[in-house]
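Please look over the sequence and the model shown here before reading the notes that follow.

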Amino acid sequence: MNNEACKNAFDAFKKISIEEFVNFMSALNYEQFEPAAQMISEAQAKGNRVHITGIGKPSHVANYIASLLSSTGTPTVFLHGTEATHGSCGQLVPGDVVICISNSGETAELKATATAILNNGCRIIAVTGNPDSWLAAHAEAHLYAGVSQEGGPLNRAPRTSILAETAVLQGLSVILQVNRGLDPKQYIKWHPGGALGHLRESEK
């Protein structure tokens with residue numbers, strides 16, 4: 001094992017990750033979330049639902065965010081990125097909102113899925129690192145999740161872009177939670193297990 005090379009790569013990853021994440025978070029502002037939050041609020045008011053999808057690594061982000069949103073007052077269903085074009089679009093109802101995650105916004109499989117989503121009468125929120133991408137152009141709202149370096153030796157495998165995608169959707173979850181007026185008592189009804197499933201002294 002080449003310890004020196006490994007240490008140098010790790011140190012570079014750490015430095016790049018800190019720089020990218022701090023720069024990304026510093027540039028975020030509430031106004032850029034308003035169109036997406038409004039879309040979701042309008043859909044919920046009409047009885048429609050929220051779904052979330054992605055291809056490859058972003059699909060794992062989608063699964064986590066579906067869980068996070070659901071646990072904080074925005075019921076959200078994971079839509080499989082490729083199975084959507086093989087029948088899973090049956091979970092969609094016209095007027096539903098689908099969050100689509102893609103760093104490039106040009107992934108062929110997600111373009112096919114997004115096209116199917118639109119053909120089923122649903123609205124798209126795009127989460128990409130490229131506001132000029134195909135996906136962003138076909139969405140009603142766009143959440144920017146761009147980074148300049150991934151942090152790995154080849155600058156290819158998704159690392160810091162995954163942090164950005166996760167963080168921007170966590171930010172959206174905060175806005176939606178506050179808008180819903182979620183209180184601790186309701187939260188623990190949805191999350192009765194573990195340490196989070198109990199009222200804190202300050203909440204009693």
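The briefing below goes through selected residues, grouped by topic.

This is a predicted model, in which local features need pLDDT of at least 70 and side-chain atom pairs count only at pLDDT 80 or more, while totals for chains, interfaces and linings use all residues. Residues are numbered from 1 along each chain as its sequence is written, and side-chain values use heavy atoms, with hydrogens and water left out.

**Salt bridges**

- The structure holds six salt bridges, a salt bridge being a side-chain nitrogen of Lys or Arg within 4 Å of a carboxyl oxygen of Asp or Glu.
- One of them joins Glu 42 to Arg 123, with the closest N and O atoms 3.4 Å apart; this pair links distant parts of the chain, since Glu 42 is in helix H2 (residues 34-45) and Arg 123 in strand S4 (residues 123-128), 81 residues apart.
- Helices (H or I, at least four residues) and strands (E, at least two) are DSSP runs, numbered from the N terminus.
- Arg 123 also meets Glu 140 in a salt bridge (3.0 Å, N to O), and because Arg 123 lies in strand S4 and Glu 140 in the loop between helix H5 (134-137) and S5, this pair ties together parts that are 17 residues apart in sequence.
- Another salt bridge is formed by the side chains of Glu 106 and Lys 111 (3.8 Å, N to O); Glu 106 is partly exposed at 38% relative accessibility, and Lys 111 is partly exposed at 27%.
- Buried means under 20% relative accessible area, exposed over 50%, and partly exposed in between (1.4 Å probe, protein chains only).

**Buried residues and their surroundings**

- His 51 lies in strand S1 (residues 50-54) and is buried, with a relative accessible area of 0%.
- The side chain of His 51 makes a polar contact with the side chain of Asp 96 at 2.8 Å, where a polar contact is a pair of N or O atoms within 3.5 Å; within protein, one must be able to donate a hydrogen and the other to accept it, and residues adjacent in sequence count only if both atoms are side-chain atoms.
- Leaving aside neighbours within four places in sequence, His 51 is in contact (heavy atoms within 4.5 Å) with residues including Thr 76, Leu 79, Gln 91 and Val 98.
- Thr 72, found in the loop between helix H3 (57-71) and strand S2 (76-78), counts as buried at 7% relative accessibility, and its side chain reaches the backbone oxygen of Leu 68 at 2.8 Å.
- With neighbours within four places in sequence again left aside, the contacts of Thr 72 include Ser 173, Arg 180, Tyr 187 and Trp 190.

**Aromatic pair**

- A search of the whole structure finds one aromatic pair: the rings of Phe 10 and Phe 13 have their centres 6.4 Å apart and their planes at 45°, so the pair is tilted.
- Rings of Phe, Tyr and Trp (its six-membered ring) pair if their centres lie within 6.5 Å, and planes under 30 degrees apart count as stacked, over 60 as edge-to-face and the rest as tilted.
- Phe 10 and Phe 13 are three residues apart in helix H1, and therefore separated by about one helical turn.

**A loop residue**

- Most residues other than glycine have a negative phi.
- Asn 155, although not a glycine, has a positive phi of about 55°; Asn 155 lies in the loop between strand S5 (141-144) and helix H6 (160-180).
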